[in-house]
Amino acid sequence: MAASFVSSLTAPLISAVLGGAIALVFLAGYLRRKRAAIAHIPPSATAAAPDQPKHVRPSNQAQHKKGHPRPHHNAADKDAAKKHHHLDVNTLRGHTDSVTALHFSNDGANLSTVCADGAVRVFRIDDTSSKSFKILRINLPAGAHPTGVAFSEGSSSVVVAAQALLGSSLYMYADVSAPPTAQNKQQGKLSPPEIKWSHQKIHGKESVLNLAAAQATHGPGDGSTIIISCSEATDIKVWHGKSGKELGTVDTNQLKNNMADISPNGRFIAAAAFTADVKVWEIVYSKDSSVKEVNKAMQLKGHKSAVTCLCFAPNSEQIITASKDGSIRVWNINVRYQLDEDPKTLRVLPIPLHDSKGSVCQYDHMSISPDGKVLAVTSGSTLQWLCVETGAVLDTAEKAHEGL
């Protein structure tokens, strides 16, 4: 019985001894490898980074000597790094909220913007690559929220559309590009421009979707600035830019407007509205250059769904439209509509922009280059440049504005 008891203890004891021996062998091997790894670390490296763990390699920047300074990155390099597209020329800063509308002066040297922060800003752009621009800030009357802007009389005045509790208003600010007086130079600031004329409740309680302006150069037009205001309802009004006189009103009778534009020569008005048809009116001028009347001229028929945006070609003889039906159409409106000659579709181009599901996107805004060859369009935060002749995509900038 004693022998059996001893034999029962011998087997576990032998196993424990063998297991301990094996563990000691592995531990000894690990310690030898660890000492060898530590021995290969250069002393200078450990001295340069005493706070770093020994298994982390010190960065190269810590090894720069006094005679080899770190590379210097100037402001131009930082600006270039911020640009996310090769066509991104510059950024106009100063807005504290979203920009709701903008307009270039005829000479392209001034840009006016309206912002949801309630201010109008006029930028002087002599050099697009400049690091800073002269800015004139105009604060609207209390409670007025700007929705549209257009230059009048060259670049000396701006007309601003604003929405308030009682409805939409127009304000004309003069001398926005005037140089500062001697007194203002001493004070280091510009005096705010005066309101030369204003109109309240121009479209009832409805807000203004956009303003558009052109110089009256067609027929007996004297070159005065003609401005149109497009309401979110169905009416569009025509204004004399300098005097503020209301020259006429048209009604699209299409449930609601999307936007409207005026031809560069001040002859035609076109509206994109709820339906697929685009209505066009002609501004008729008297011999004394005053506006005699505004008559319905023609209707562009061909789209199968609502037109979201449009613009006139620089020659005022063509209109480009984009529709929810996924197409862009180029129209010839240089027709004898008085003799019932219909406008002609010159080209039908597919909208080339699609979302992640493959559905055709809708264009929100469009503008054409001065030579009439390139069409700039937006869909949300995506900006595209298209060839007017073929509809080919020349370039695309996704997320053109951060935060949209």
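Reader: Which residues does UniProt list for "repeat: WD"?
Author: The unreviewed UniProt entry lists residues 92-133 and 300-334 under that name. Keep in mind that the model here is predicted.

Reader: How far apart are the end C-alpha atoms of residues 300-334?
Author: They lie 12 Å apart. The span is 54% strand and 0% helix.

Reader: Is C309 buried or exposed?
Author: Buried. C309 has a relative accessible area of 1%, and buried means under 20%.

Reader: New topic: sheets. What is the strand order in the one with β5?
Author: The order is β5-β6-β7-β8. It is an open sheet of four strands, with antiparallel pairing.

Reader: Which strands stand at the edges?
Author: β5 (145-152) and β8 (195-200). Each has a single partner strand, so one side of each is left without a neighbour in the sheet. Neighbouring strands of this sheet are turned by 15° against each other on average, direction ignored.

Reader: How many bridges join β7 to β8?
Author: Five, and the two strands run antiparallel. β7 covers residues 167-173. M172 stands opposite W197 in β8.

Reader: What holds paired strands together in general?
Author: Strands of a sheet pair through backbone hydrogen bonds, either parallel or antiparallel.

Reader: What about the sheet with β22? Which order does it have?
Author: β22-β23-β24-β25. This is an open sheet of four strands too, with antiparallel pairing. The edge strands are β22 (365-368) and β25 (393-397), and each pairs on one side only.

Reader: How many bridges join β22 to β23?
Author: Four. I368 stands opposite L375 in β23.

Reader: Where is S379?
Author: S379 is found in β23, which covers residues 374-379. S379 counts as buried, because its relative accessibility is 14% and the cut-off for buried is under 20%.

Reader: What does S379 touch, leaving out residues up to four places away in sequence?
Author: L353, C361, Q362, Y363 and D364. C361 is 18 residues apart from S379 along the chain, yet their C-alpha atoms are separated by 6.9 Å.

Reader: Another serine, then. Where is S105?
Author: In the loop between β1 (99-104) and β2 (110-115). S105 counts as buried, at 5% relative accessibility.

Reader: Which side chain has a polar contact with that of S105?
Author: That of D107, at 2.5 Å. S105 also touches N110, F151, G154 and S155, not counting residues up to four places away in sequence.

Reader: Last one: β14. How many of its six residues are buried?
Author: Five, so β14 (residues 257-262) is largely enclosed by the rest of the structure.

Reader: And which strand pairs with β14?
Author: β15, residues 268-273, in the antiparallel sense over five bridges. N257 stands opposite A273 in β15.

Reader: What lies between β14 and β15 in the hairpin?
Author: Five residues. In that hairpin, G266 takes a positive phi near 75°.

Technical notes: Residues numbered from 1 in each chain as written. Predicted model: local features only at pLDDT ≥ 70, side-chain atom pairs only at ≥ 80, totals over all residues. Heavy atoms only, no water. Buried < 20%, exposed > 50% of the residue type's maximum accessible area, 1.4 Å probe, protein only. Pairing = 2+ DSSP bridges. Contact = heavy atoms within 4.5 Å. UniProt positions renumbered as here; feature names shortened; annotations may be inferred. Polar contact = N/O pair within 3.5 Å; in protein donor to acceptor, adjacent residues only side chain to side chain. Axes fitted to C-alpha atoms, helices over the stretch in contact; angles between N-to-C directions.
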